[in-house]
Amino acid sequence: MAVILEVHNLNISYGKKKIVENFHLKVEKSQFVALTGRNGSGKSTILKSILGIIKFQGHIHLKTDKIGYLPQSYLLDRSFPITVFEFLQLAFAKEKKVSYEQQQKEITQMLEKLKISFLAKLFLNELSQGQFQKVLFARSLLNSPELLILDEPLSNIDESSAVELKNLLNDLNHKGTGILLTIHDSQFVKENCNMIYNLSSDKVDENGIIDFCFHPKEEN
Amino acid sequence: MEFIFNDLFFLALLSCIFLSLLSSPLGVFLTLKKMSLMGDAISHSLLPGMAIALIFFGFSSIGFLIGGLISGVIILILMHFLSKKTVFKDDGILAMIYLVMSSLGIIIIAKAQIKIDLMHLLFGNLLLIPIEWLWLLGFMTLLILPVFYSIRKSLSLILVDPEYSRFLKINETKVKNIFYFLVLLVLILSFYAVGTMLALGFMVIPAMIAKLFSKNINQQIKTSILISIVMSFIGILVSFIYNIPTGPGIIISGGGIFILVLIFSTVKDQILN
């Protein structure tokens, strides 16, 4: 299977504090990979380094530029006075190749695909957390990504919204999209992921180096 | 009422229409994320530059433009440096700059013993507006608005979702600096209408009123332009009738409209609920 993301010897520090040490990761096409670990263990930090948002030491090889990203929703300012449709248009802020009409078309189709067209004219602060998460999910899918990077996509949402999003993720994965996500739902991880990287791991290999990588059946 | 058809009234109103078109889009964004103190610091930073320009060039449009630009750009660089390199919070830095620059401007004017009514410099005088300033306003409107609309999407994304804007590799510092430079230009252009002390009034007051009318940002910009023109018309009219300074007249009109709209919307909400 083709590898679409490889991370070697990743080290990240905030000032003098080391957040991530000697981390390795690999994501193949169609693979569903979870990053787990305690709060503050560096899960989001790793995702941000892969996306080039923060500085790091080590090697990150992204073999596709078609990446979708869903940040943690609490980082967004939902009081900003724009509608869902206008919010999705901002995803094309740096896009010069896609015409305005094409952008409109892509957004409309994505809203229809996720069955949330009825949200298009609502303002961001009028949405429930589950609805907002679906909008963020729609944005992450706008450029038909080969690799989806999702930071806590299922947190703070109700059960039925979580089930819908889980089904969508599985559907995308079965169609060939590689998925790398941070998540706390261990049941979901066991049932759906091909590989787990646990940042709170205490498993040590024969060279005395922490082994972060688990197969779902190994993970407790 | 024949003064409505007089040249002075018409020129004053025309310059306010240009300022309304320029100030409203910037004002709506400036008030969205509590950035209005930034605008305040920039507007007060213009005073020393304009006072020095007055010493060297007299009451000259080009002099005011250059003096304001030099003073404003120095302050933008200083604010950037202090906010990145020191532990102080942005609002503390802005308040300090605001106070120091206002004082410096007043001292320069006092020491230089310029024979000018300080009121003109601080609060503007639309009736002194030279025709070349109107040409400059028209030209700058054609220049500033396209630049603003070219960064608008990036600026919105930075404000609503900074993390995603970094993912898209949008240069946050560059976009914000362009925005603040546009604010600086428009504040300089507001000089004749409302002076350095009230320059921010054209941006902030109509934007605040527009928020009471509409939730949507595009609608807020359109409403803000309309309100800005209405408050200018009332302000100039009142200043002609009662012989009061035009700048404060315009700002007071804006304040009056704000209170009326606030009362109306509160009463309307009470009735509907």
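**View 1. The kink in helix α1 of chain B.** In this predicted model, in which local features need pLDDT of at least 70, side-chain atom pairs count only at pLDDT 80 or more, and totals for chains, interfaces and linings use all residues, α1(B) has a kink of about 35° at Ser23(B), shortly before the proline Pro25(B); the bend at a residue is the angle between axes fitted to the seven residues ending there and the seven starting there. Residues are numbered from 1 along each chain as its sequence is written, while chains are lettered from A and ligands numbered from 1 in the order in which they are written. Helix α1(B) spans residues 7-32 and reaches 37 Å from its first C-alpha to its last, close to the 38 Å expected at 1.5 Å a residue, the expected span being 1.5 Å times one less than the number of residues. Helices (H or I, at least four residues) and strands (E, at least two) are DSSP runs, numbered from the N terminus.

**View 2. Strands β3 and β8 of chain A.** Strand β3 (residues 32-36) pairs with β8(A) in the parallel sense over four bridges, where pairing requires that DSSP finds at least two bridges between the strands. Leu35(A) stands opposite Tyr197(A) of β8(A).

**View 3. Ile70(B) in helix α3 of chain B.** Ile70(B), a residue of α3(B) (residues 61-85), is partly exposed, with 16 other C-beta atoms within 10 Å.

Technical notes. Buried ≥ 20, exposed ≤ 12 C-beta atoms within 10 Å, placed from the backbone.
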